[in-house]
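Subject: Handover of a structure

Dear colleague,

I am handing over the structure below. Please look through it before reading the notes that accompany it.

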Amino acid sequence: MSTVNFTFDGKQYSGEKGESLASALLRNGVLHFTDSSYKDRPRGVMGLWVEETNALVNIDSGAGEPMKPATTVELVEGLVARSAQGVGDLPDTRDNSRYDKANRHVDVLVVGAGTSGLAAAKKFSDQGKSVIVMDDKPAAGGHLVYLGQSVPTELLAVLERENVTYLPRTTVQGLYDQGFSVATERRTDHLDANVHTEMSRIRTWHIRAEHTVLATGAFQRHLVFANNDRPGIMLSHAAATYVSSGANPFRTAVVVTIDNQGYRDAIRLHNAGVYVAAVVDIRKKVSKSSKKSSRKAIKKLGIRLIKGATVIDTQANLDGLLNSVTIGDAKSDLQETIKADLLAVSGGWTPIVHLATFIGIKPTWSAKRAAFIVKHKDSLTSTTGMLAGEFGDDDEAEVFFGPKLSTDQALVAFVDYQRDATYRDFKRAIDAGMRSIEHVKRYTAIGTAHDQGKTSGTVTMGLIGQAIGKAPDEIGSLTFRPPYISIPFAALAGRDRGLLSDPERTTPIHAWHVASGAPMEDVGQWKRPWYFPKSGENMHAAVLRECAAVRQDVGVMDASTLGKIDIQGKDAGQFLDLIYTNMFSTLKVGMSRYGLMCGIDGMVFDDGVTTRISENHWLMTTTTGGAAKVLDWLEEWLQTEWPHLEVYCTSVTEEISTVAIVGPKSRELMSRLAPSLDVTNESFAFMENKHAEVAGVPARIARISFSGELAYEINVPASYGLHIWESVMSKGADLNITPYGTESMHVLRAEKGFVIVGQETDGTQTPQDLDMDWIVSKKKEDFIGKRSFSRADTARQGRHQLVGILADDGSYVIPEGAYLVAGADANTPPPVKHIGYITSSYDSAALGRSFALALVANGLARKGEKIAIPMADRVVTGVITDSVFVDKENTRRDG
Amino acid sequence: MLHIPCPYCGPRDETEFHYGSEAHVAYPENSGNLTDEEWAKFVFIRSNPKGWMAERWVHSAGCRRWFNVWRNTINHQFGPSYKPFSQQPKSPA
Amino acid sequence: MMVNSEFAKSPLGGAKYGDANEAILIQEVPFTPGFDLRVDPESSGFAAVNQALGLTLIPNVGTVVRNNASCIVGDELPAAGGVSALCLGPDWWYLTGTANIAALLKPVQELHHISLVDVSSQRTKIEIYGPSAKDVLAHYWEQDLRDEHFPIDACSQGVLAKAPLIMWHCCENCYLLFPRASFAKHLWTALTDAAIEYL
């Protein structure tokens with residue numbers, strides 16, 4: 001042990017490195033730690049570990065952390081702590097500590113390194129199983145450590161074995177179905193008070209265990225009597241442990257107990273030099289063995305025993321510290337006051353049932369132990385030690401939670417210290433008719449504080465039982481939820497923050513886009529260039545320029561993110577006929593066709609262009625966001641409905657990089673890039689594919705257009721994507737080659753009335769709703785979705801249909817999502833009828849004005865009708881139009 | 001986090017899978033001859049039992065196979081998983 | 001795919017982190033050829049594929065059969081020529097190696113119902129080697145990495161740092177990752193971040 005310096009509430013102290021802050025403060029004679037949350041009552045330390053209800057501190061050194069029980073803070077040089085009055089506060093500096101996660105599979109997880117946990121670890125290790133022992137304390141041994149006794153070496157040695165991993169300071173926070181646990185390991189706070197940036201401060205473990213042994217042990221609990229919260233009143237096991245380790249500010253003690261633990265602790269107090277004025281035992285009679293081990297033992301030491309009595313009330317000195325204890329006979333009105341600065345309370349043991357209840361195991365009540373225990377064993381989970389009711393043989397307790405109290409006494413008899421919830425609050429809940437622990441909890445706030453009822457839960461159930469004459473297990477059951485103790489959110493986030501919070505998917509051309517200063521748009525996980533601003537340009541100006549360049553000269557777009565699926569097999573054509581609404585089996589080799597796919601409900605699901613590479617070889621493209629979903633969909637039908645079809649699907653989304661050159665001058669540019677290719681319309685027609693060398697690499701070129709303009713999509717292995725893009729930029733320099741992003745792509749396609757699945761659709765549109773009846777085959781016997789088109793609801797009048805909208809004021813771009821109102825204008829009195837909404841809306845260079853697409857009830861029959869769009873500050877008027885705004889005759893696509 | 005037994009890859013975390021609803025709901029062969037009610041039953045209606053249910057999952061991030069598995073909808077316990085068109089194991093109930 | 005090195009770029013440009021003599025080495029092995037093979041093990045094409053590749057494919061997901069070296073660090077088989085076949089699904093293999101895989105299987109494709117797709121650009125290869133390799137991977141990989149459950153020459157598909165990939169335990173303390181190209185940078189960030197504590 002070395003001495004270290006620390007600061008508490010601005011005052012310097014010294015203590016022993018590694019001891020708890022609570023212990024160090026007691027060693028320095030500090031008894032009054034803080035005041036209670038609501039009633040400003042002086043409070044001191046109650047317990048030993050995470051059951052601590054009073055002594056909360058804010059840590060200001062290192063990473064900083066609010067509301068830590070001082071009993072769990074390990075002393076390091078330079079520690080700075082502040083008392084917290086019920087509510088913590090975060091330091092206002094950024095926490096630069098590192099937090100991470102790790103996964104681990106193991107045969108057996110043992111939770112708790114007390115003697116029973118160690119014994120379980122030994123048993124499974126002996127069987128050759130891999131074992132992880134997780135224990136929330138700094139050292140193994142459980143209560144033996146507190147008792148100052150050495151842990152049997154044959155048990156400690158287990159932790160050194162090859163097939164055993166021991167993680168101290170590791171709290172299992174949650175236990176879930178199928179042997180899954182989440183634990184947090186505190187890795188640096190005990191080393192020093194610095195912020196660690198390379199070693200993680202807290203590691204969150206995800207453990208999958210074949211079997212989990214819960215050896216979680218037990219807490220001691222308090223009793224409810226008047227003024228049971230003064231500094232100087234402690235759980236007996238805690239008091240005896242502190243005092244025995246030399247942290248002893250006390251002179252005279254009274255011990256009150258319902259079991260033999262109080263005797264053991266009285267002896268420890270006595271041996272440590274505290275004068276034990278009396279042991280007050282609620283039990284009149286005890287068993288023979290108890291008599292021998294407890295009553296005779298204290299008699300030998302000359303300690304006075306008061307049988308069949310309990311503490312009724314306590315008194316304080318001017319500093320608010322305990323100075324005397326009023327004892328009352330349980331059966332008579334006899335009272336006696338004894339001077340004492342320590343009241344050690346042994347209200348019975350409360351086994352830590354949390355993890356068991358997380359997976360739905362119900363604790364059972366043991367009247368002999370006055371405790372809820374979990375005796376459980378199945379293939380996934382078992383319990384051992386005190387949790388399983390394995391107490392010492394002479395650990396017989398009286399089922400007792402506190403004496404009868406007068407109304408005044410009830411006002412200061414605390415059930416839940418952190419919530420300042422008293423017996424009076426509790427009684428009010430009972431008098432109001434509450435009987436369930438869940439109702440009492442919500443009525444009184446008992447169990448809702450920082451400690452989540454670790455000690456008050458059983459006390460409350462016991463008090464309900466006492467109040468209505470039932471045993472605690474007749475009241476209900478203890479139920480807890482993860483996490484077991486509070487943890488920083490940062491620990492749960494781990495490294496899943498900033499760049500690592502979600503993958504950013506990038507194309508092979510991404511670096512060029514970034515270097516050119518293009519802002520990125522998130523399309524699912526993909527980063528796609530949104531627009532390419534020239535210096536001084538805003539988005540609006542950039543998009544108008546890009547669109548104009550595409551319609552007048554030539555633009556270039558990175559289309560690499562489109563989903564692509566390679567489809568092979570002799571039945572592929574037949575399969576595509578079933579998947580798409582239109583016909584594919586008749587497509588000629590080397591040609592592409594646009595297709596629409598629907599769900600069985602007839603609603604549009606995805607779209608894209610599919611190319612017949614050779615007789616039995618096809619390449620499907622999907623939307624950028626739909627790639628994975630479509631592949632699952634194709635496999636679903638192939639594997640579960642039509643396994644007789646000889647078809648294989650392979651994702652090639654990232655194998656192929658696609659660079660689209662678009663606009664009237666794309667033909668000239670294409671011929672420069674691929675001198676061997678005949679680019680004339682006669683030999684390379686719309687929707688045709690050609691193989692040629694482009695800028696020195698083999699490519700498939702497709703004449704596909706998503707803008708209505710003459711366009712070529714150059715497809716190459718993705719490794720060459722950047723090379724093709726750079727070649728396009730250099731060969732097209734004198735043609736005003738203009739890179740454009742997703743925004744211009746959206747404008748250009750909307751001008752042509754092309755839908756985007758997910759923008760014009762939300763899973764409730766049929767092809768007919770999108771004015772795309774032309775793509776629904778009337779010849780095919782069946783395809784997915786066909787039967788649903790004739791359902792009453794899909795065939796009815798009045799469905800929302802795709803139309804164009806032109807605002808009367810062409811300089812106004814209607815916000816997407818805006819609602820449309822029939823025939824109304826600013827003067828129409830409400831109520832007005834909502835008839836649809838805007839799906840896409842842009843300013844158009846080609847039109848010299850704004851335009852929009854919308855879904856409007858019965859819209860196709862309403863073209864020419866006036867509509868209004870009520871906005872927050874005005875009513876915009878406009879007209880319903882056709883959804884195609886540019887080049888209705890498709891004259892531009894051939895150049 | 002469910003641990004789902006893929007019949008090809010063994011138990012894997014839920015994040016690798018996508019759910020496919022109730023198993024053994026076959027696509028009707030003669031959909032054109034079905035009444036609206038019969039068709040709507042196929043499209044929209046699933047049994048949604050409390051307790052053991054045979055359901056479909058696809059191991060999207062793994063072998064990409066669709067398969068069936070018994071799952072208890074009360075406590076997420078998994079029973080045997082099995083391949084499509086194979087003999088359905090008895091309900092663990 | 002034969003790479004024209006004048007024009008080709010790999011997703012990570014051959015990046016390297018750490019060192020083979022230290023706790024961890026992470027490096028991209030650019031332009032590793034790769035093919036997705038689909039063939040029904042019950043079909044006539046299966047024997048033809050085996051014969052053409054000179055291997056006996058095992059149709060159990062997670063198995064690897066090979067006749068060439070797997071990684072740069074420590075392997076006794078020849079690096080040139082040869083094929084490694086990673087079984088990803090009951091009728092799905094990932095083939096990698098410097099043999100001319102496309103040419104070997106072309107005759108089989110003409111006669112049998114199989115699918116062979118060149119995906120050399122779709123995935124890159126990251127080699128992660130060293131005594132801490134397993135610990136680094138365990139930060140992100142939810143599957144069981146214990147040697148008895150994921151032995152040498154076992155492979156698996158899964159999700160690492162939320163990025164889908166193929167993992168192959170190729171030899172002692174050495175793992176090969178085949179992520180999709182679009183995820184490569186993200187994965188690199190994640191792996192090198194996790195490695196900080198071990199270097």
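The notes below describe what was found.

This is a predicted model, in which local features need pLDDT of at least 70 and side-chain atom pairs count only at pLDDT 80 or more, while totals for chains, interfaces and linings use all residues. Residues are numbered from 1 along each chain as its sequence is written, and chains are lettered from A and ligands numbered from 1 in the order in which they are written.

Chain C overall

Chain C contains four helices and 11 strands; helices (H or I, at least four residues) and strands (E, at least two) are DSSP runs, numbered from the N terminus. Its radius of gyration is 17 Å, close to the 16 Å that the globule rule gives for 199 residues, so chain C is as compact as a globular protein of that length. That radius is taken over C-alpha atoms, and the globule rule is 2.2 Å times the number of residues to the power 0.38. Along the principal axes, the C-alpha atoms of chain C fill a box of roughly 55 × 45 × 30 Å.

Of the 199 residues of chain C, 53% count as buried. A residue is buried if 20 or more other C-beta atoms lie within 10 Å of its own, exposed if 12 or fewer, and partly exposed in between, with C-beta atoms placed from the backbone. Among the contacts in chain C with a separation of 6 or more, 62% are between residues 24 or more positions apart; two residues are in contact if their C-beta atoms, placed from the backbone, lie within 7 Å.

Strand β8 (residues 125-129) of chain C has five of its five residues buried, so it is largely enclosed by the rest of the structure. C:Lys125, C:Glu127 and C:Tyr129 point one way from β8(C), and C:Ile126 and C:Ile128 point the other way. Two strands pair if DSSP finds at least two bridges between them. Strand β2 (residues 25-29) of chain C is joined to β8(C) by five bridges and runs antiparallel to it, with C:Val29 opposite C:Lys125. β8(C) also pairs in the antiparallel sense with strand β11 (residues 174-179) of chain C, over four bridges; here C:Ile126 has C:Leu177 as its bridge partner.

Helix α4 (residues 184-195) of chain C has 12 residues and reaches 16 Å from its first C-alpha to its last, close to the 16 Å expected at 1.5 Å a residue. The expected span is 1.5 Å times one less than the number of residues. α4(C) is mostly covered, with nine of its 12 residues buried, including C:Lys185, C:His186 and C:Trp188.

Where the chains meet

In the interface between chains A and C, 37 residues of chain A are in contact with 38 residues of chain C. On the chain A side, β8(A) gives the largest share, six residues. By class, this side has 13 nonpolar, 12 polar and 12 charged residues. Ala, Val, Leu, Ile, Met, Phe, Trp, Tyr, Cys and Pro count as nonpolar, Asp, Glu, Lys and Arg as charged, and the others, Gly among them, as polar.

A:Thr506 lies in the loop between α14 (489-493) and α15 (510-515) of chain A. A:Thr506 is buried, with 24 other C-beta atoms within 10 Å. Leaving aside neighbours within four places in sequence, A:Thr506 is in contact with A:Lys527, C:Ser182 and C:Lys185.

Between chains C and B, 12 residues of chain C are in contact with 11 residues of chain B. β9(C) gives the most to the chain C side, with three residues. The residues on that side divide into six nonpolar, five polar and one charged.

Further features of chain A

A closed barrel of six strands, with antiparallel pairing, runs β42-β45-β44-β43-β46-β47 in chain A. Within it, strand β44 (residues 834-844) and strand β45 (residues 849-857) of chain A pair over eight bridges, and A:Asp843 has A:Ser850 in β45(A) as its bridge partner.

Helix α5 (residues 236-244) of chain A is mostly covered, with eight of its nine residues buried. Just after α5(A), A:Gly246 takes a positive phi of about 95 degrees.

With kind regards
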